[in-house]
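Good morning, and thank you for coming. I would ask you to keep the sequence and the structure in view while I go through a few selected places.

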Amino acid sequence: MYTLGEVAQRLGLRFTGDASRRLRGLASLATAGPDQLSFLSSAAYLPQLAATGAGAVILDRAHAARCPCDYLEAEDPYLAFARATALFAGRPAPTPGVHEAASVAASARVAATASIGPCAVVEEGAVIGARSRVEAGAVICRGVQLGEDCIVQPNAVLGAAGFGYARDGQDWVAIHSLGGLVVGDRVAIGAGTTIDRGTLDDTVIADGVIIDDQVHIGHNCRIGANTAIAGCTGIAGSTVIGANCTLAGGVGVVGHLEICDNVHVTAMTLVTHSIAEPGSYSSGTPVTDTGLWRRNAVRFKQLDAMQQRLRALEHNDDREPDTT
Amino acid sequence: MYTLGEVAQRLGLRFTGDASRRLRGLASLATAGPDQLSFLSSAAYLPQLAATGAGAVILDRAHAARCPCDYLEAEDPYLAFARATALFAGRPAPTPGVHEAASVAASARVAATASIGPCAVVEEGAVIGARSRVEAGAVICRGVQLGEDCIVQPNAVLGAAGFGYARDGQDWVAIHSLGGLVVGDRVAIGAGTTIDRGTLDDTVIADGVIIDDQVHIGHNCRIGANTAIAGCTGIAGSTVIGANCTLAGGVGVVGHLEICDNVHVTAMTLVTHSIAEPGSYSSGTPVTDTGLWRRNAVRFKQLDAMQQRLRALEHNDDREPDTT
Amino acid sequence: MYTLGEVAQRLGLRFTGDASRRLRGLASLATAGPDQLSFLSSAAYLPQLAATGAGAVILDRAHAARCPCDYLEAEDPYLAFARATALFAGRPAPTPGVHEAASVAASARVAATASIGPCAVVEEGAVIGARSRVEAGAVICRGVQLGEDCIVQPNAVLGAAGFGYARDGQDWVAIHSLGGLVVGDRVAIGAGTTIDRGTLDDTVIADGVIIDDQVHIGHNCRIGANTAIAGCTGIAGSTVIGANCTLAGGVGVVGHLEICDNVHVTAMTLVTHSIAEPGSYSSGTPVTDTGLWRRNAVRFKQLDAMQQRLRALEHNDDREPDTT
């Protein structure tokens with residue numbers, strides 16, 4: 001519970017209205033009541049602003065005149081809203097320390113301000129930086145270095161052996177992972193995500209990278225600063241991804257590629273070659289009803305043949321002037 | 001071990017044959033022996049029925065005359081078979097209670113008839129309903145509400161923080177998940193599946209939903225009653241899916257969509273827009289040998305150009321009458 | 001730390017150079033120093049060989065003349081390198097035995113030479129073969145049989161119930177998994193991977209299979225010897241895959257199929273029908289920039305119509321000879 005004045009002060013925003021108004025939480029424009037704070041992040045919601053029952057709204061100064069209640073002015077209302085969620089999270093960060101049901105190897109180094117959740121495992125020689133949180137059931141394998149202010153969500157696995165094998169006739173001979181995994185500061189790693197250790201050198205996740213649930217990052221990969229990777233994406237071994245990239249959900253990236261900075265990849269795209277130009281990249285086909293899809297999909301198998309038929313027609317067409 | 005008469009009585013089916021015949025288990029028509037029960041779920045298996053060595057068979061009355069052994073008549077033999085698997089499962093439900101290697105927070109409320117497996121974690125304020133099973137290694141995060149008669153398979157994670165961020169220059173500022181996760185009754189959740197909590201409101205999984213292994217459901221999603229979601233499917237945040245839908249394996253659904261009731265999505269389809277009409281939906285291309293695929297795939301990059309060439313030819317074709 | 005002579009002896013290779021040269025580890029040609037061993041696995045790296053600072057290099061005899069330092073001759077340098085990683089792994093195999101933070105049921109049988117990691121769970125009646133490693137947080141469900149020399153990486157789940165249901169009106173009735181899961185010898189299973197138990201018979205993973213992280217294998221599947229399955233692949237229930245197959249990352253295989261031996265499936269392909277011919281198989285479309293992709297993707301919805309327009313043009317074209 002904060003007053004409007006307190007919220008304004010903590011978020012560093014100017015406000016207009018009753019400084020002593022009590023705000024107990026956050027809600028959307030459509031559902032907020034008089035003791036709740038809301039936000040307008042896009043002009044598309046202006047009709048909802050007009051009708052809102054919120055006690056106060058975070059908005060861009062340009063929309064202030066249309067606000068029916070108290071408001072806070074923010075240059076970027078969505079960013080201010082994000083900061084407000086931290087304010088209203090209402091619970092302290094988890095108590096630093098190792099939960100009694102966690103398993104931490106004697107040779108691991110866990111910062112005094114870090115927290116290790118129940119049934120989490122920190123193996124020999126691993127390092128957990130200041131204020132980092134290893135949540136329930138997460139596994140930090142031997143020697144992994146996790147920076148400061150990181151969050152590793154439940155059941156994520158950092159530093160398992162990579163999927164590297166040489167063939168001996170029909171048998172597979174494992175290539176042992178002699179490298180490690182180094183994770184920078186302010187990295188978020190989602191539930192059930194797996195990041196493998198390197199073969200000779202380290203797998204590296206740079207500062208500020210954010211990774212959703214059930215992402216897989218193979219051995220030897222390097223992910224650049226502030227890159228965002230959405231759920232269910234898989235990145236094969238030895239691929240290097242630049243800074244400030246965004247990979248949408250379900251993306252696949254094959255191994256041994258280089259993706260430059262500022263690349264966006266749309267959902268469920270398979271990236272099969274290196275990308276040297278910033279921009280947005282896609283593969284796949286549009287969703288339609290299954291009947292139409294089936295009729296079109298069968299033609300995909302004839303595409304090259306269609307192209308040749310097209311060329312033959314063009315050839316005939318071109319010759320016509322000669323024959324008349 | 002049951003007699004044929006006991007099976008008939010427990011499944012509520014009429015039988016023809018020796019009531020005292022002992023049946024020790026279930027097997028397919030092709031492999032069943034005289035002390036095993038089998039089933040005929042489709043006329044396609046009639047040849048196997050003729051040759052079966054089973055002691056008894058569950059079948060539709062229409063096929064009774066062709067059965068070489070004792071039988072039980074069922075309107076829906078596959079459904080009766082499903083019920084028979086429960087009968088022959090042969091082991092009691094797990095003993096209610098909290099395994100000594102589980103970690104349950106003091107403020108969590110676990111029904112006396114629920115069971116919490118080894119190395120499972122139930123965090124502060126979570127609620128586990130009557131007869132629900134939280135299996136080994138599963139994590140039920142703070143405040144999550146799990147209904148009655150649910151099964152949460154090993155290493156699933158319910159209620160981790162959502163993947164929501166605002167950008168502050170190049171840095172990401174986390175939007176804290178102030179909402180929770182509410183799971184209805186009779187919900188099955190597969191091994192390694194992750195369902196995130198909501199941002200302001202709750203993520204909601206309705207009664208009777210069944211979810212396979214390694215499914216990811218993002219923050220704020222709502223999944224309607226009796227919807228089935230197969231393995232490796234990912235649903236991005238704030239998407240609402242109706243009741244009685246079936247999502248096949250590996251499906252992707254982007255965020256902020258609405259899918260109506262009774263929608264079927266085929267395997268590995270990416271759903272990029274809301275769906276307001278019940279029916280079946282697909283995307284992707286058919287699998288072929290890689291050589292043929294490559295020749296066709298390269299043409300996909302020229303599809304729009306091909307369409308223009310086609311239009312040019314049609315134009316010439318149309319003009320011809322005028323020029324002759 | 002080994003001498004060159006010791007490395008040669010342990011890997012069974014001929015060497016040329018200083019037998020007493022001390023080698024403390026492995027590195028790539030580009031980064032290796034005089035106390036490191038490197039390898040040349042492809043002629044593409046010959047320029048790096050010329051400039052390497054390595055103390056010794058594993059290479060094919062054919063390239064020996066171009067090596068600026070000591071060398072070891074191997075018929076298959078990459079395979080010899082794999083064996084060298086085991087040599088230089090530098091740490092003993094994990095101490096056999098059950099970690100004090102593991103949970104092993106009284107009725108489970110764990111070989112004396114096997115190791116069970118922290119927070120791993122071995123349920124009733126499961127069998128863990130000699131020298132097998134069940135790593136942190138992995139769950140081996142009741143009755144699962146794991147062979148010898150297997151590795152189960154962190155948070156994998158072996159033997160959860162399959163995703164099988166019959167419909168009773170709108171409700172789902174679970175088909176209980178009465179079968180088990182049998183895993184052969186020398187099988188590697190990646191972090192977060194899930195393999196479900198069978199319905200009536202067992203799910204079977206043959207000897208020498210290698211499986212990457214976050215793979216899902218459904219109930220009743222059988223995977224043939226030495227097949228390799230890369231990360232994020234999902235195989236639906238009751239599918240049978242032959243020996244020596246390779247499934248690249250993110251592949252989907254629908255249920256009830258049969259794939260013969262020696263099939264390769266490229267990344268993110270969806271296999272929708274059985275495959276009876278060895279070879280390579282693919283689906284999907286190539287990645288391009290999103291603008292071009294969008295223009296082409298919209299035409300995919302018109303492919304069948306384009307084919308008909310093409311046929312109409314051809315028809316007109318064909319008739320022309322008749323009309324002149």
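A:Tyr165 has a relative accessible area of 18% and is therefore buried, the limit being under 20%. Please bear in mind that this is a predicted model. Over all chains, the structure holds 21 aromatic pairs. In one of them, the ring centres of A:Phe163 and A:Tyr165 are 5.4 Å apart and the planes meet at 70 degrees, so this pair is edge-to-face.

A pair in chain B has another geometry. The ring centres of B:Phe39 and B:Phe81 lie 3.8 Å apart with the planes at 15 degrees, so the two rings are stacked. Which parts of the chain does this pair link? B:Phe39 belongs to strand 5 (residues 36–39) of chain B and B:Phe81 to helix 3 (residues 77–88) of chain B, so that distant parts of the chain, 42 residues apart, are linked. B:Phe39 is buried, with a relative accessible area of 15%, and B:Phe81 counts as buried at 3%. In chain A, one aromatic cluster is formed by A:Phe39, A:Tyr78 and A:Phe81.

Let me stay with helix 3 of chain B. This helix has 12 residues and reaches 16 Å from its first C-alpha to its last, close to the 16 Å expected at 1.5 Å a residue. Is helix 3 of chain B mostly covered or mostly uncovered? The helix is mostly covered, with nine of its 12 residues buried. Among those buried residues are B:Pro77, B:Leu79, B:Phe81, B:Leu87 and B:Phe88. After the helix comes B:Gly90, which has a positive phi near 75 degrees.

Strand 19 (residues 165–168) and strand 20 (residues 171–174) run antiparallel and are joined by four bridges. Within this pairing, B:Ala166 stands opposite B:Val173. Turning to side chains, B:Arg167 places its charged end over the ring of B:Trp172, 4.0 Å from the ring centre.

An open sheet is formed by 11 strands, in the order 8(A)-11(A)-14(A)-17(A)-22(A)-25(A)-28(A)-31(A)-34(A)-36(A)-37(C), and its pairing is mixed. Which strands stand at the edges? They are strand 8 (97–98) of chain A and strand 37 (288–289) of chain C; each has a single partner strand, so one side of each is left without a neighbour in the sheet. Strand 8 of chain A pairs with strand 11 (residues 115–116) of chain A in the parallel sense, over two bridges. There, A:Val98 stands opposite A:Ile116.

In chain B, strand 11 (residues 115–116) contains B:Ser115. This serine is buried, with a relative accessible area of 7%. Leaving aside neighbours within four places in sequence, B:Ser115 is in contact with residues including B:Pro94, B:Pro96, B:Ser132 and B:Val134.

Two loop residues bring us to contacts between chains. A:Pro154 lies in the loop between strand 17 (151–152) and strand 18 (157–160) of chain A, and is buried, with a relative accessible area of 1%. What does A:Pro154 contact, leaving aside its neighbours within four places in sequence? In chain A, the partners are A:Glu135, A:Ala136, A:Ala191 and A:Gly192, and in chain B they are B:Val139, B:Cys141, B:Val157 and B:Ala160. C:Ala136, in the loop between strand 14 (133–134) and strand 15 (139–140) of chain C, is likewise buried, with a relative accessible area of 1%.

Finally, the arrangement of the copies. Chain B can be laid on chain A by a turn of 120 degrees and a shift of 0.0 Å along the axis, with an RMSD of 0.0 Å. The two copies are thus related as by a three-fold rotation axis. For chain B laid on chain C, the turn is again 120 degrees and the shift along the axis 0.0 Å, with an RMSD of 0.1 Å.

Key. Residues are numbered from 1 along each chain as its sequence is written. Chains are lettered from A and ligands numbered from 1 in the order in which they are written. This is a predicted model: local features need pLDDT of at least 70, side-chain atom pairs count only at pLDDT 80 or more; totals for chains, interfaces and linings use all residues. Side-chain values use heavy atoms; hydrogens and water are left out. Rings of Phe, Tyr and Trp (its six-membered ring) pair if their centres lie within 6.5 Å; planes under 30 degrees apart count as stacked, over 60 as edge-to-face and the rest as tilted. Buried means under 20% relative accessible area, exposed over 50%, partly exposed in between (1.4 Å probe, protein chains only). A charge sits over a ring if NZ of Lys or CZ of Arg is within 6 Å of the ring centre and within 35 degrees of the ring normal. Copies are superposed by least squares on the C-alpha atoms of residues with pLDDT of at least 70 in both. Two strands pair if DSSP finds at least two bridges between them. Contact means heavy atoms within 4.5 Å. The expected span of a helix is 1.5 Å times one less than its number of residues.
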